[in-house]
Amino acid sequence: MELYTLSFPDDFWSVVRPLLGPDRARQTLELADEVEEYFGGPRDTGIARQFIRTHLPPGRIYVYGAGLHSENIIDILHRRDDLEILGFLDRDAERLKRFHGYEVLPPEQIVERDFDYVLVSYQRIEATMVDRLRQLGVPAAKIRTIYSDSDFIATAVAEQFSRIERRLDGRRFDHVIVRSGIHEVVPDSVLVELFPPETTLAIHIGPAKSTVAASPFWTIDAQGCAALAARIVKALQPKTIYLSTAQEFELFYFPIRRAAPNARLIHEIYDFFPLIPEDWIKLGINAGDRLIDLMRLANYFSCQDSQMIVSKRAGREWNKACEGFSAPYLFVYPGIGSKGSVDWDESTRNSPGDGPIHILYAGAQVPPHFRIYMRSDYNFLPLMEEVTAKSDVTIDIFNSSHAYEINDPSFRDYMERYPGPPITYHRRIPFDNLIRRMQKYHFGWLCLPPREQDLADQQVVICNRFSAYVYGGLPTIVDAEWHFIADLVAEYGAGLVIEDADADKVLRAISDCDYQALLHGTARLREYMWRHNEATQELLCQLVGKAAVSP
């Protein structure tokens, strides 16, 4: 089956080359300094609250960020008699309107207001919000940060590292796993086969504290601080580092590489930013121009200087991209489990008969106000509505981005639009529960009409939504613009590939299919994925084994 080709860059690194300096080694060191400053100090709420008590100057202030971080500090701000909160700034002001009784304004309106300074209240990278304020004309002298304040960084890093040193008590580790914990390709259940827990330390670098009890490794939380994570790695000087990063945490490559230049570095890269449009990146993680440059540079430097790159991308276009890598590359199918992990009865799934056809969508769905994303791979709801309107079809949506009740306001529109059949919207449920529920469905959904905006990444990526369907034995309805996924589905007969998808084409493909053949094809594809991952794991074992015996 020949699937038409979307735009994929002829030169994968074309957007990076203008950013490269003449001396790569020197630029690596300079970028490590910049990244440590960019991420600031540890995201320790207790230290941050103390900093607000003792270091913030008095004045009439706006607080930039009307989210969870501001929830955690607003009481301390109220206790400061010399601080007057005038209001809050947030890019989602139109929806929020008020926060703890204060008016919430779009950042663009700050230039019309009279104030002493803006306090940035954000637990991830403050620099992106500082950049936005500067673009709007706010002078640097009227912007205050918490985590990237130089006094905070010095105090917090020293305090937290001292605590960690006491915990380590001189213990040495051969291997260090550094994880952002946002997304992953290779789970801990596989890494534990590569790295002995008794000689391996895990460092959590993501925005939320790691769940130590759930990890097979002794875990330390670096609280989103690049300087602290690098200081730990430098003190340990491990033989092997497994760096697993997503989103802005790709930048940790620079300080980690500098901290242990002789370690064998395996980098699991979740996001390849040369393939992602800038408007997407800016909306998705509130990124400014410099952050986008840094993330693309991190991809480039790691793909040249790491000992191994691991990711979930493959296919003919990706093979061309890998020609620009100096580092060896390993492809892994994410979220596919292992052969021994299937403990449910798949014989209960029947072919579609006279009753309704049951379809499952399980994966991320962005809030409706993220309009840029709706131009590409999240605009499946109109097609779902048309399919259910034209035939006896029910669809359940389990949104992995909607985990808790606190997230309800962002997804209220979906909850109200789809309260029950034919389309029913749900919050995320545990993965094991989801896999077992798949036995009641006929198809997994990964199908959209032709995009308004092409995404080159969709041609080469294996998204976790698709892997989950295959793992659960569920044939997938996919449109042809998911190039590599569509090739796999067509080759193994593991679902339905729809060209230029619309409701009539989807329903015709379902009506004409040999469903039992699709079930067998999905099982064959799952077996192939398992075998591939087993071979990949063996290659990683060999690489780690070499590192373990190196001087």
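User: Is Gln-223 buried or exposed, and what is its relative accessible area?

Analyst: This is a predicted model, where local features need pLDDT of at least 70, side-chain atom pairs count only at pLDDT 80 or more, and totals for chains, interfaces and linings use all residues. Residues are numbered from 1 along each chain as its sequence is written, and side-chain values use heavy atoms, leaving out hydrogens and water. Buried means under 20% relative accessible area, exposed over 50%, and partly exposed in between (1.4 Å probe, protein chains only). Gln-223 therefore counts as buried, with a relative accessible area of 6%.

User: Where is Gln-223 found, and what is its phi near?

Analyst: Helices (H or I, at least four residues) and strands (E, at least two) are DSSP runs, numbered from the N terminus. Gln-223 sits in the loop between strand S9 (218-221) and H8. Most residues other than glycine have a negative phi, and most peptide bonds are trans. Gln-223 takes a positive value, near 55 degrees.

User: Which loop holds His-100, and what is its relative accessible area?

Analyst: His-100 also has a positive phi in a residue other than glycine, near 55 degrees. Its place is the loop between strand S3 (98-99) and strand S4 (102-105). His-100 counts as partly exposed because its relative accessible area is 43%.

User: What does UniProt list for residues 60-108, and how far apart are the end C-alpha atoms?

Analyst: The unreviewed UniProt entry lists this span as "domain: PglD N-terminal". UniProt positions are given in the numbering used here, feature names are shortened, and annotations may be inferred rather than shown by experiment. In the model, residues 60-108 are 33% helix and 37% strand. The end C-alpha atoms of the span lie apart by 18 Å.

User: What is the orientation of H1 and H8 to each other?

Analyst: Axes are lines fitted to C-alpha atoms, for helices over the stretch in contact, and angles run from 0 to 180 degrees between N-to-C directions. Helix H1 (residues 24-39) and helix H8 (residues 226-236) pack at about 125 degrees, with axes 7 Å apart. Angles under 35 degrees count as roughly parallel, over 145 as roughly antiparallel, 65 to 115 as roughly perpendicular and the rest as oblique. H1 and H8 are therefore oblique.

User: Which residues of H8 meet H1?

Analyst: Contact means heavy atoms within 4.5 Å. On the H1 side, the residues are Val-35, Glu-36 and Phe-39. On the H8 side, they are Ala-226, Ala-227 and Ala-230.

User: How many nonpolar residues are in the contact of H6 with H8?

Analyst: The axes of helix H6 (residues 150-168) and H8 come within 10 Å and cross at roughly 35 degrees. The residues in contact include Phe-161 and Ile-164 of H6 and Leu-228 and Ile-232 of H8. Ala, Val, Leu, Ile, Met, Phe, Trp, Tyr, Cys and Pro count as nonpolar, Asp, Glu, Lys and Arg as charged, and the others, Gly among them, as polar. The contact has 1 polar and 1 charged residue, and its nonpolar count is 10.

User: How are H2 and H3 oriented to each other?

Analyst: Helix H2 (residues 45-55) packs against helix H3 (residues 68-79) with axes 9 Å apart. The angle is about 20 degrees. H2 and H3 are therefore roughly parallel.

User: Which residues does Ala-48 touch?

Analyst: Ala-48 lies in H2. At 0% relative accessibility, Ala-48 counts as buried. Not counting residues up to four places away in sequence, its partners are Ile-146, Tyr-147 and Phe-152.

User: Where is Gln-247, and what is its relative accessible area?

Analyst: Gln-247 is in the loop between strand S10 (240-245) and helix H9 (253-259). Beyond its neighbours within four places in sequence, its contacts include Arg-124, His-183 and Asp-271. Gln-247 is buried because its relative accessible area is 17%.

User: How many residues of H16 are buried, and what phi does Gly-473 take?

Analyst: Helix H16 (residues 464-471) is mostly covered, with 7 of its 8 residues buried. Among them are Arg-465, Phe-466 and Tyr-469. Just after H16, Gly-473 takes a positive phi of about 75 degrees.

User: What is omega near for the peptide bond from Pro-421 to Pro-422?

Analyst: Pro-422 is in the loop between strand S16 (419-420) and strand S17 (423-427). The bond from Pro-421 to Pro-422 is cis, with omega near 10 degrees.
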